[in-house]
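My entries follow in the order in which I worked.

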Amino acid sequence: MAPIVEIEHLTKKFGSRVVVDDVSFVVQPGTILGLLGPNGAGKSTVINMIVGLLRKTAGEVRLFGQVAEGNQELRKRIGMVPQELALYYDLSAEENVRYFGGLYGLRGKALKSATEDALKLVGLWERKKDKPATFSGGMQRRLNIAMGIVHQPEFVIMDEPTVGIDPQSRNYIMETIEQMRRDGKTLIYTSHYMEEVERLADTIVIIDQGKVIATGTEPELVNLVTAQKNILITVANPQAVILADIKQQPGVIKASLTATQLLITVTVESNDLNQLLLTLIQQSVVVNSVDQQQIDLETVFLNLTGRNLRDK
Ligand SMILES: Nc1ncnc2c1ncn2[C@@H]1O[C@H](COP(=O)(O)OP(=O)(O)OP(=O)(O)O)[C@@H](O)[C@H]1O
């Protein structure tokens, strides 16, 4: 079976600014691809080019094995849940979903049952007569999802569906997506929350400043950095720290200081904590605590880019 999505060398420029730079990846049927990157990385731009909402500058998008450009029929096989809510506030939840189903050509009984299925999937069937203005932010997001998937597409793209919502609604959305996977759907899920991507994605594409910086399963990505580990040292007098000395110690790959926290990346085999502490003591640095950071996707991102995935 052909991949559901094949993207090759996809590039987007706004004026002279390159915001998506030579991005390539593949999404296999029945899998979830997590597109992970910080705000402004280019995630929305990539998916807007996949669904044809935005013209690409270069590269190619194939959907279901066919060239996507200019192929309107393929659009009907995709469900798009945009980052911005697209609700009609003077219509009920049910009317909102029915309206979108109608746009996709559903009529009569088929439209009625598809609307019911979509509202049940997101847990809003009991509230079908209510208007979105009476909903919490999380419920509005869930309604947005129902509208994007009412035509029962085999491939669904969700652009940061959990931004700014309460943990309960977030969990509900995670469970909805897991149900969609069990139903055999294929998904692209964009997020800057690594916990969500870790939970949901079969394949993870990490994107930063428009470029793919790593692709793989979670263990594959973690393997990229297991030869290293991060030591986090909290100090009382950061002004005493001499970074240049620390960087010269054996096994130290890099070291940086933010406020009272010293982050030192060392190779696993030549890791010598005593030597590092001795260096700090010689600098008259007062050490408050020493921690080792767990290797997760946040650490992978930090190691590959030198920056945090999210602002701390
Ligand atoms: N129409 C546009 N004109 C000019 N620049 C744009 C346009 N749309 C997006 N950009 C820029 O492209 C970059 C990538 O934006 P994009 O929305 O794709 O990022 P993102 O990863 O989805 O982040 P976010 O989570 O903030 O939406 C940003 O710097 C943004 O300012």
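The entries below go from the domains to the sheets and then to the pocket and the cavity.

**Domains.** I noted at the start that this is a predicted model. I looked up the domain bounds and found the protein chain divided into domain 1, residues 5-217, and domain 2, residues 227-294. The centres of the two domains, taken over C-alpha atoms, are separated by 42 Å.

**Four-stranded sheet.** I traced an open sheet of four strands, and its order reads β2-β1-β4-β5, with antiparallel pairing. Which strands stand at the edges of this sheet? They are β2 (17-27) and β5 (66-67); each has a single partner strand, so one side of each is left without a neighbour in the sheet.

I then went through the pairs. β1 and β2 are antiparallel and share seven bridges. In that pair I found K13 opposite V18 of β2. The hairpin of β1 and β2 has two residues between the strands, and G15 takes a positive phi there, near 65°. On to β4: strand β1 (residues 5-14) is joined to β4 (residues 58-63) by five bridges, again antiparallel. Here I7 stands opposite V61, and E8 has E60 as its bridge partner. For my own reference, strands of a sheet pair through backbone hydrogen bonds, either parallel or antiparallel.

I also checked what covers this sheet. Helix α1 (residues 43-50) lies across β1, β2 and β4, and its direction runs at about 120° to β1.

**Six-stranded sheet.** I found an open sheet of six strands in the order β6-β7-β8-β3-β9-β10, and its pairing is mixed. β6 and β10 (211-216) are the edge strands, each pairing on one side only.

For a parallel pair I took β3 (residues 32-36) and β8 (residues 186-191), which are linked by five bridges. L33 stands opposite I188 of β8. I next listed helices on this sheet. α5 packs on it, touching β6 and β7 (155-159), and its direction makes about 160° with that of β6. Helix α8 (residues 218-225) also packs on the sheet; it touches β9 (203-208) and β10, and its direction makes about 110° with that of β10.

**Second largest pocket.** I recorded about 370 Å³ of space in the second largest pocket. Its lining has 14 residues, of which L53, R75, M80, F100 and Y104 are the closest to the centre. Which elements give two or more residues to this lining? I found α2 (72-75), β6 (78-81) and α5 (137-149). α5 gives the most, with three residues. By class I logged nine nonpolar, three polar and two charged residues in the lining.

**Cavity.** How many cavities of 30 Å³ or more are there? I counted one. The largest cavity has a volume of about 30 Å³. I listed V225, Q228, K229, N230, I295, T299 and N303 as its lining. β11 (228-235) and α11 (297-305) each supply at least two residues of that lining, and β11 has the largest share, three residues. I classed the lining as two nonpolar, four polar and one charged residues.

Key
Residues numbered from 1 in each chain as written. Predicted model: local features only at pLDDT ≥ 70, side-chain atom pairs only at ≥ 80, totals over all residues. Heavy atoms only, no water. 1 Å grid on protein atoms, 1.4 Å probe; cavity = no way out; pocket = protein on both sides within 12 Å on 5 of 7 lines; lining within 4 Å. Points joined across faces, edges and corners; volume = space filled by probe spheres on them. Nonpolar A, V, L, I, M, F, W, Y, C, P; charged D, E, K, R; others polar. Pairing = 2+ DSSP bridges. Contact = heavy atoms within 4.5 Å. Axes fitted to C-alpha atoms, helices over the stretch in contact; angles between N-to-C directions. Domains from an automatic or database assignment.
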